[in-house]
Amino acid sequence: MIDLLTYPPAFGLASSSPFCIKAAYLLNLSGQQWTPVETLDPRKTPHGKLPVIRTEGRMIADSDNIRAYLEENGADFDKHLSDLDRANARAFIRMAEEHLYFHLVMDRWADDRVWPMVRDTYFSKMPAGVRHVIAGVIRKGLLKGLHYQGLGRLNTDQRLARIEPDIEAITTRLWQGKFLFGDQPSAADASVAPMLSAIMVTPGDTRLKEMLTKNEVLTGYVARVEAACG
Ligand SMILES: N[C@@H](CCC(=O)N[C@@H](CS)C(=O)NCC(=O)O)C(=O)O
């Protein structure tokens with residue numbers, strides 16, 4: 001039996017974290033039995049982040065390591081992919097996790113109109129008085145990280161111009177099939193779809209959210225991935 005340590009549901013999705021949803025999708029696709037264990041405090045996990053799985057008396061941190069563990073135990077998420085598609089799939093995963101993700105973080109944490117709604121959802125278990133202080137400290141650290149990462153230095157127009165070609169690349173692939181690499185879901189879908197849906201359900205009206213929710217190829221796709229893997 002596997003426990004998945006995950007952030008609780010938020011904004012209508014199974015978790016506030018797209019990485020936790022990715023891990024849940026991979027677990028479902030692997031056919032393993034698993035149980036969600038919701039927590040808001042990742043500090044005692046190996047990387048201080050979620051998702052983590054707990055199995056056979058050990059903790060496996062990071063959705064990539066969770067994927068590796070499931071593959072070592074028989075899962076083959078990409079069995080229907082050619083070698084070339086596997087190579088491309090790797091790049092799509094990196095694009096989602098190392099680029100789209102930071103746009104999501106910008107939308108949720110850096111936009112002053114969105115932030116109060118995110119704060120009151122993420123930190124709802126904290127009494128209102130301390131909530132604002134603690135959430136404010138965490139936000140400050142995160143915004144500093146986004147500044148060093150680079151996206152935090154761009155204005156909204158520049159940021160949208162940077163993500164638009166990625167969205168086009170995903171949409172172009174989806175003209176070819178129901179999922180990114182054919183008619184069955186693969187590991188790339190488990191990474192890409194949760195990033196898109198997390199942006200789509202973020203409260204408020206960010207321009208990125210508008211761009212994605214107006215794109216019917218993408219809204220249909222995230223619904224399909226959720227139906228196949230959720
Ligand atoms: N590379 C990691 C990323 C996980 C990650 O960034 N998790 C975030 C939530 S989306 C987290 O737990 N952040 C808590 C923190 O940084 O304190 C993975 O694939 O699992």
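Which domains does the domain assignment give for the chain? I get domain 1 (2-72) and domain 2 (83-229), with bounds that come from an automatic or database domain assignment.

Ground rules first. I am working on a predicted model, in which local features need pLDDT of at least 70 and side-chain atom pairs count only at pLDDT 80 or more, while totals for chains, interfaces and linings use all residues. Residues are numbered from 1 along each chain as its sequence is written, and side-chain values use heavy atoms, with hydrogens and water left out.

**Entry: the domain interface**

I looked up the C-alpha centres of domain 1 and domain 2, and they lie 18 Å apart. For contacts (heavy atoms within 4.5 Å), I find 17 residues of domain 1 against 25 residues of domain 2. The buried area between the domains is about 1,800 Å², and carbon and sulfur atoms give 69% of that. By buried area I mean the accessible area (1.4 Å probe) that two parts lose on being put together, summed over both. F11, P18 and Y25 stand out: they supply 39% of what domain 1 buries against domain 2, more than any other three residues.

Next I checked the polar side of this interface. The rule gives six residue pairs in polar contact across it, both residues at pLDDT 80 or more. Here a polar contact is a pair of N or O atoms within 3.5 Å; within protein, one must be able to donate a hydrogen and the other to accept it, and residues adjacent in sequence count only if both atoms are side-chain atoms. On the domain 1 side, α1 (18-30) and α2 (63-72) each supply at least two of the residues that touch domain 2. I took helices (H or I, at least four residues) and strands (E, at least two) as DSSP runs, numbered from the N terminus. The largest share of that side, nine residues, comes from α1.

**Entry: salt bridges**

My criterion is a side-chain nitrogen of Lys or Arg within 4 Å of a carboxyl oxygen of Asp or Glu. The total comes to 17 salt bridges, and the count between domain 1 and domain 2 is three. I noted R90 with D64, whose closest N and O atoms are 3.4 Å apart. I also noted E97 with K22, at 2.7 Å from N to O. E97 sits in helix α3 (residues 83-110) and K22 in helix α1, so this pair ties together parts that are 75 residues apart in sequence.

**Entry: the ligand**

Which residues surround the ligand? With a heavy atom within 4 Å as the cut-off, I list Y7, S17, F19, G48, K49, L50, P51, D62, S63 and Y101. A side-chain N or O atom of S63 is 2.5 Å from a ligand oxygen. For K49, a side-chain N or O atom is 3.2 Å from an oxygen of the ligand. L50 uses its backbone: an N or O atom there lies 2.8 Å from a ligand nitrogen.

Most residues other than glycine have a negative phi, and most peptide bonds are trans. The bond from L50 to P51 is cis, with omega near 15°, and P51 belongs to the loop between β2 (34-38) and β3 (52-55). F11 has a positive phi, near 55°, and lies in the loop between β1 (2-6) and α1.
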